[in-house]
Structures are given as structure tokens and as C-alpha cells.
Amino acid sequence: MLALAFWNSDVANAQEAIAQPVAEVDQLPQGQEVSDTVIELAGWVVASGDSQGYPFAVIDKAAAQILVFGGDGRLRGAVPGLFGSAVGDHTAPGIAGLALREIPGRDRTTPAGRFVGGFGPSIDAGRVLWVDYDSAVSIHPTATGVPAERRVERLASPAPDDNRITHGCINVPPDFYEQIIAPTFERGGVFYILPDKKPLAETFPEFVQSRTTAQGNDEPVPE
């Protein structure tokens, strides 16, 4: 399954909780690896208590991967996702007030950062799971309303290159949404979205500082 390694003694204490999930569902393409940065960030969240006991997700846009953890720090599932068609980490001013067709191509980004989100109403889609309400980014099941977009096929492909298709929201397979996403985040959670372009230190400064401190210790750091 997912090989989880950790880079300092504090994060290593979180290994058992993450590596022994309650109900793990792995839908990542066979043989696809999870990056060290994702693994380290997840370990840091658990060890530092950064999610304050809430469930959380670590989202890697470049690899088109989403890892979901319960409030106890245990891995609940891993799945490919679809993301904004534009490569970038910004949120355009006023984008939440635009209809989808009005969003310029350059602004169809999935923003990077730490977001506290939860279920809430939307204007045209009923109750949705908001990752960040202000930037109108939510997680929802893959829509099939525009066959030419081939969203289901994009999710099923082993490479992440074709997973940039949305206006900024995050799509996951419907079964994963119902089985893992919806129940895990029923009372809200924290979403950590890795950047496309912004420095990691700018996006997650406390995590990077902790990582730098750990790597400066006398103890060897596992690769």
C-alpha cells in the first residue's frame, strides 16, 4: 500500500497512527508513488496537532493525488483528483461572484495553502463541501455533464498530466466521495493544498521551519 516514512523523531511518533488506518481505501493508480513532501507534511500535521483534532486532507496538485486522514490521524483513503485547468496558486479577486463561464482561463486555478472548510450551501449546487468559500473552491463528485471533457477517463488515467480540467474545484470519483470524503468531513476539516509555483516555505512556513530544524539535528534523517 502506501509506504509512509518520516523525517524526525516527533513525526515518527505519528507513524503508527497514520500507517494503521481505520478504513483505508486506495484508489491511486497501481504503482503510483506518493511524494516525500506529502508524507512529511501529513506526519507534521499529526505530530504538531496543526489540524486541532479535525480530519484533514493533503492534496498534491502536481501528482493529482488526495490523501484523506481522520481526526485521529489515521489514513482513511487515497484517490486521484481533478483540479483547476490553470497552473497556479492564486485566487483572483472577486472570483467567487462569477459564473463558471465568466472565469478567465488564467484564473481557473486551485489555490494552494491551508484552508479550514466544511459543508455549506451554494447558489446552484445545493449543499457542498467547501474547501475555501471565499475562493469558491469545493470538493465534489466528478460530473459527467460535458462528455467532451472526459472527466471520468481523466481520473482513471495513470498519469496526472490530464487531470487539470476544472474551473478550480476539486473532483473525485463519486464512490470515494460518498464512502470517504462526505463522512470524514461531515463536521468540517482542514485542507492542505501543495503549491504549483509558490515556494513551499511561503505556503506552509511552520512545516518548512520544523523540517529545517529537524534536518539540522545530529540524528540522521531518513531519506
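Tutor: Of the 223 residues of the protein, 48% count as buried, where buried means under 20% relative accessible area, exposed over 50% and partly exposed in between, with a 1.4 Å probe and protein chains only. This is a predicted model, in which local features need pLDDT of at least 70, side-chain atom pairs count only at pLDDT 80 or more, and totals for chains, interfaces and linings use all residues. Residues are numbered from 1 along each chain as its sequence is written, and side-chain values use heavy atoms, with hydrogens and water left out.

The protein has seven helices and 11 strands. These are DSSP runs numbered from the N terminus: helices are H or I with at least four residues, strands are E with at least two.

A cavity is a set of points on a 1 Å grid over the protein atoms alone, where a 1.4 Å probe fits but cannot get out; lining residues have an atom within 4 Å of a point. Grid points are joined across faces, edges and corners, and a volume is the space filled by probe spheres set on the points. The largest cavity holds about 40 Å³ of space. Its lining consists of P29, Q32, A63, A64, P80, L155, S157, P158, A159, P160 and N163.

Take L155 from that lining. L155 sits in helix α4 (residues 151-156). L155 counts as buried because its relative accessibility is 8%. Beyond its neighbours within four places in sequence, L155 is in contact with P80, G81, L82, T142, N163, N171, V172 and P173; contact means heavy atoms within 4.5 Å. Two of these partners, P80 and N163, also line the cavity. L155 and L28 are 127 residues apart in sequence, yet their C-alpha atoms are 9.5 Å apart in space.

Next, the cores. The largest nonpolar core has 23 residues, and I66, I139 and I181 have the most contacts inside it. Such a core is a set of buried Ala, Val, Leu, Ile, Met, Phe, Trp, Tyr and Cys residues joined through side-chain atoms within 4.5 Å. Elements giving two or more residues to this core include β8 (137-141), β10 (170-172) and α5 (174-184). Helix α5 gives the most, with five residues. Apart from this core lies another of 20 residues, among them L28, A42, W44 and V58.

V172 links two parts of this account: it is in contact with L155 and with I139.

Key: On a 1 Å grid over the protein atoms alone, a cavity is a set of points where a 1.4 Å probe fits but cannot get out, and a pocket is an open set with protein on both sides within 12 Å along at least five of seven lines; lining residues have an atom within 4 Å of a point.
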